[in-house]
Each structure stands twice: as structure tokens, then as C-alpha cells.
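Trainee: I am new to this structure and would like to learn how to read its strands and its interface. Could you walk me through them?

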Amino acid sequence: MMKEFDDMDKRIQYAFENSKILKWPKQLLSSFGSSEVHYHVLTEPVYQEFTNGVTETVVREGKVSWFPPQLLTPGYILRIEGFSEEARKAFSSLANDMPDIASILYRFQFKREIDSMNFVTGNLESVADKIAKDIDKKDDNLAAIIKGVGDLWDISLSKFILDMMTRSARQSHFPELRKKGLISYNQFGQQVVSRDKQGIPLVAKKEIESMFDMVRKGEMEPKDLKNELDRWGLFEIYQDRFFDLFKRR
Amino acid sequence: MAYIKSALEIALEKSNNIDKLSPQEMNKIKQQEKIDNILAKYYKDQIESDDLWKHLKDVSNQFLVMAQNNFLQSLTFQSNDYEVKKRKDGILAIENLKKNNQSANIELYLEQLKNIQDEFQKNKEQVLKNLREELEKDPQKRLQTVQQGNQIVVKQLSLEEALEQNQQLKQKLNQLEEQFKRKYNMVKEELIEIINE
């Protein structure tokens, strides 16, 4: 059983290392909104040796959607669901040692319902070339072509997702956040969340104000506002205003 | 490197076997005790290398060699400049008391040991400099990701953090250290042979 796991690990590692992005989307993921990327994962068919010399390429198409990226502190990440114990431990020590370190949280999902799979005549390079021309003709700025590895094509897609995110973070999201003054560098060269005089992260301030408005208008439950204040560790600062909401009601 | 049994260990083995110690063996233990005392004072900076001469001038060649071996055993690839100098001065001070004085030769070997350590430091600094430049040029390599299902957290590491967490760097430095350690130990073995001649 252990050996099977080892073999699988090796296969995954092989697929990860041998996947290649043949065409990057011209556009990066949006810094403040959601994004959807149309992917094409190309692989050589596993039945290639039985095709009597006719070369075919398997083309899998689908979409990956990203929610707007969120600038967060380790303490905030610690309070959201979905991370393993190991990841939480890492965030916990980071939250203690460097509570202002800027991190960007990306959430994504596959829209499997529109996935399609086609067998196209031609070798992988020529098929990729044809798809790339189609993408350019359609002026689709958020389409990608990925060279995958056999039946582990989804590993190749994971590599693309990860690379797309780190590329966007480095080239666009972190610089944009710095430009807006929401993050800055500390004396150790680390990127940290900027705070106002009261110690409120600037990135949270606007969001919290709009949440107060929504609660006042009855468009949001107070508990959602409370949760958000807790995640930022800001309830103490805002508690008077929070309880005022109930007096007015 | 062969392990040299101390006279005291030999004596204890013998006493375990209920053998009687000969006068020569008794003398050997006494001599070694005396040397250990002197070396301990020297290590604790209570006496200088010049004082070693005064304390050891009446000791036989065999025990002088033993004292030099003691210095050499405690000289390692990780020894710092102060530790190296301390041992070098000690070995050379004792060498002057030996009949077959090989100070020039020994000094040459000790220099070689120091050069190997310096060369390693230079190589290590170059490896670090190259990686630092690489990381400065390509900030993508400084991004750290934590993935859990459909959530990924991306954070940019500072240059120092990225260097600290770089596995390839750790591996490269380990290999480099092993390579220089081997060289160091080879020269040290040769030096031991010269001292024991």
C-alpha cells in the first residue's frame, strides 16, 4: 500500500515537473474583482501506439473561476475555515511573530459542467498552434494552453492555477496594493499591511464601513459584521459602534 | 582517524583484569595526568604557549607527541580562528621541545588547514551571493504558497527569509561543506603522521 502511494507521489511530481504552459493568458487575474480563465489542456492520448500512424491530441477545455483576491493578515487567515491543522499551525506562529505580514488569499473553482474533451488529429505542437491562433482571433485575453501529462492532466491544470496566481500576485496584485498604500515594506524587507493611527488595517477599514452601512440598512446580519471584526481582531475598537446599531434598531 | 587509548584507560582496563600495574605503567599514568593538567590550564587561558615549554621541558618525547595529538584531536573543520590559533601555538611550542623538530613542516600543514577553511568560507559566500542576486532579479522565486483545496495563500518572502528557506541552497551548502571537510581531514591525517614520526 505504501509503495502504491510512493509511486503515485512520484507520478504526480513527474506530471507537475513536465507540464508546461504553452500560452499564458494575455491578462493577469483581476486585482480587485473576479476572473475566469478558459483553459485548454493538451495531452498525447494513452492509446497513441494503436492509431496506425495517425497522430492525435486530446484537448480538454474548461473554465477556472477566481473570486476577488483578498489581502489578509495571518491572524485573519487563522480564523477562516478550510485550512488543515498543519497550515493553521504555520499561520498561528506567523500571527504571533509577524502579525502584519501581508498575504493574499485566492479562492478558485472549476466549472466542470462546461468541460469538454476532443480528440484532434495532429501532434500536440500543431494542435496548440491552431488553438493559439483561434484565441488570438477571438481576442480572448483570459485563455491558456497547457501541455499536460497523460491521465494526470488535472495535475497539469493545478500547476497552471498555481503559476497563474503567483504570477498575478507578483506582477500585479502586490504592486497594486503597494501603490494604493494598503501594504508597505518594513525594515526587514517584508511586505506588511498598512494600518491607520488606531491600528486598523487600511484594507479592512473601507470594507468594515460598508458592512456597517449594510447592517444599518438591514442588508446584512449583524453576526456577519461581528465575524468580520473578529477575523481582523478589531471588535474591541469597533464595539461601541457595533452596539449602537442595536440601540437604533 | 585511529583512536588512541589514554594511559588511564589502559590502566583501568588492566585493573579490571586484576593485573598489577608495572612501575613503567604507573609512570605513564602520572605523566599523562600531568600533561592533561597543563593542557587544561592552557585551554582555559591560565597559561600561555610560552609557558608550555617551561612545564613540559622535562617530559619525554612520547608524551610530547601525546600532548600534540590532544591538540589535533580537538581541531575540527568547525573550529574558529581563535581555537585554531590556540592549538597551532600549542602544537608548535611543544614541537620545539622534540628532538626531531619539524616546526616548519607542521606550520605548513596547519596553514593548509586554515586555507581550506578560508576557501570554504569564500565558496559559501559566493554561493549565497549568486542566489541572492538570482532572488533579487526574480521575485517570483520569493513567493511562498500554502494551498488547501481550492484556497491558496500567497505571501512574498523577504530576501533573507527566501534564502533561509531555500532547500536547494541548504543542499548545495551541505555538499560544499562535505567536500571541504574531506579535504580538511585528509590534511589533518597527514599532519598526525608527521607529528607521530
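Mentor: Gladly! Two strands pair if DSSP finds at least two bridges between them. Helices (H or I, at least four residues) and strands (E, at least two) are DSSP runs, numbered from the N terminus. This is a predicted model, where local features need pLDDT of at least 70, side-chain atom pairs count only at pLDDT 80 or more, and totals for chains, interfaces and linings use all residues. Residues are numbered from 1 along each chain as its sequence is written, while chains are lettered from A and ligands numbered from 1 in the order in which they are written.

Trainee: How many bridges join strand 4 of chain A to strand 5 of chain A?

Mentor: Strand 4 (residues 70-72) of chain A runs antiparallel to strand 5 of chain A, and 3 bridges join them. Gln70(A) has Leu105(A) as its bridge partner there. Strand 3 (residues 56-66) of chain A also pairs with strand 5 of chain A, antiparallel over 3 bridges, with Ser65(A) opposite Gln109(A).

Trainee: Which strand of chain B pairs with strand 5 of chain A?

Mentor: Strand 2 of chain B does, in the antiparallel sense over 5 bridges with strand 5 (residues 103-110) of chain A. Here Arg107(A) stands opposite Gln151(B).

Trainee: How many residues of each chain are in contact?

Mentor: Contact means that C-beta atoms, placed from the backbone, lie within 7 Å. By that rule, 17 residues of chain B are in contact with 25 residues of chain A. Strand 2 of chain B gives the most to its side, with 6 residues.

How values were computed
Contact = placed C-beta atoms within 7 Å.
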